[in-house]
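Please have the sequence and the model at hand while reading.

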Amino acid sequence: MISPAKDRYASRTDRSAGIVARHDPVVYEDGRYADALSPEQVQAYDRDGFLLLENLIPQAEVDALIAEIARMSRDPAIIRREECITEPGSNAVRSIFMVHQLSSLISRLTRDPRLVNVARQILGSEVYIHQSRANMKPGFKGKEFYWHSDFETWHVEDGMPAMRALSCSVLLTDNNACNGPLMLVPGSHRQFISCIGETPQDHYKHSLKKQEYGVPDAISLQLLAEQGGIQAMTGKAGSVVFFDCNTMHGSNSNISPWPRSNVFMVYNSMENVLGAPKYGLAPRPEHIATRAGVKALTPLDALKLVG
Ligand code: 6CS
Ligand code: FE
């Protein structure tokens, strides 16, 4: 087990908060491993820590995905599973995890060349799904996801060694200024915020509803926001946001009547498979962090997802 002193991304120890420079590349193999993105797009991702591709998935394919997610969120057999997380204070479905295993349509989505080849290009290797989830953020009831770095959680609680993973968020509904769009801090991916507070056992049972550990302190957040600003990722359904595992992000509660539903797929490099969680924590369940099912994804030939 690596001691906190030797862990370059130590967090949630007895130390106070801190900011650590990123040691890892953002784009691996100079972006030459695959050719899904143009050099300008790769450069923008490297600079900002995210990239929005507007209207990438046609509406007919989005409609099929929405129908699939709606079917799953109404299926009692799925609702009672541990993969299904409800909103704090209501029975509204907040997230369904491991959707790539629960749905063959989403499984195909993970291998869609328009998506997986972007991940292979940025991560400079073959990739697998570390985690997938559908976030519903229903109208009126969808609560916030407070500011956090995914990598901080995946490094401490899942033993992810390096910053060589990214999230791909497929917008299933229009994400507008009013329904709690994903907010990202440009440039924040280059600084690791070490968080205060020791992680309780089985933290995920609470954090997926409302995260209270691995939450950056206000001073560090203010510094990142003053350096890079905050960008709301608004876009039409069918748009796709790729963001680095360490890009600071969050989203507000949705008090509009309109759902803000997205499917998130986390691509991790085959060179970055999980090790032991930090500080003696027990590994999180397979539906949150893939350990047993690590297998490089083969991109689909056909570009169409359905039919
Ligand atoms: O703990 C996790 O893995 C999840 N928590 C958040 C807030 N974002 C990443 C991931 O879905
Ligand atoms: Fe997150």
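How many aromatic pairs does a search of the whole structure find? The search finds four aromatic pairs, where rings of Phe, Tyr and Trp (its six-membered ring) pair if their centres lie within 6.5 Å, with planes under 30 degrees apart counted as stacked, over 60 as edge-to-face and the rest as tilted.

This is a predicted model, in which local features need pLDDT of at least 70 and side-chain atom pairs count only at pLDDT 80 or more, while totals for chains, interfaces and linings use all residues. Residues are numbered from 1 along each chain as its sequence is written, chains are lettered from A and ligands numbered from 1 in the order in which they are written, and side-chain values use heavy atoms, with hydrogens and water left out.

**Aromatic pairs**

- Tyr 9 and Phe 151 form an edge-to-face pair, because their ring centres are 5.3 Å apart and their planes lie at 85 degrees.
- This pair links distant parts of the chain, with Tyr 9 in the segment before β1 (18–21) and Phe 151 in helix α7, 142 residues apart; helices (H or I, at least four residues) and strands (E, at least two) are DSSP runs, numbered from the N terminus.
- Tyr 9 and Phe 151 are both buried, a term for under 20% relative accessible area, as against exposed for over 50% and partly exposed in between (1.4 Å probe, protein chains only).
- The rings of Tyr 9 and Phe 192 have centres 5.2 Å apart and planes at 55 degrees, so this pair is tilted.
- Phe 192 belongs to strand β9 (residues 191–194), 183 residues apart from Tyr 9, and Phe 192 is buried.
- Through ring pairs, Tyr 9, Phe 151 and Phe 192 are linked into a cluster.

**Iron site**

- His 148 (NE2), Asp 150 (OD) and His 249 (NE2) coordinate the iron ion (ligand 2) at 2.1 to 2.3 Å; donors are N, O and S atoms within 2.8 Å of the metal (3.2 Å for Na, K and Ca), and water is not among the atoms, so sites may look incomplete.
- Along the chain, the donors follow the spacing H-x1-D-x98-H.
- Asp 150 in helix α7 (residues 150–156) and His 249 in strand β12 (residues 249–251) are 99 residues apart.
- Asp 150 counts as buried because its relative accessibility is 6%, and His 249 counts as buried at 4%.

**Charges over rings**

- The charged end of Arg 94 sits over the ring of Phe 145, 3.8 Å from its centre; this requires NZ of Lys or CZ of Arg within 6 Å of the ring centre and within 35 degrees of the ring normal.
- Arg 133 lies over the face of Phe 264, at 4.2 Å from the ring centre.
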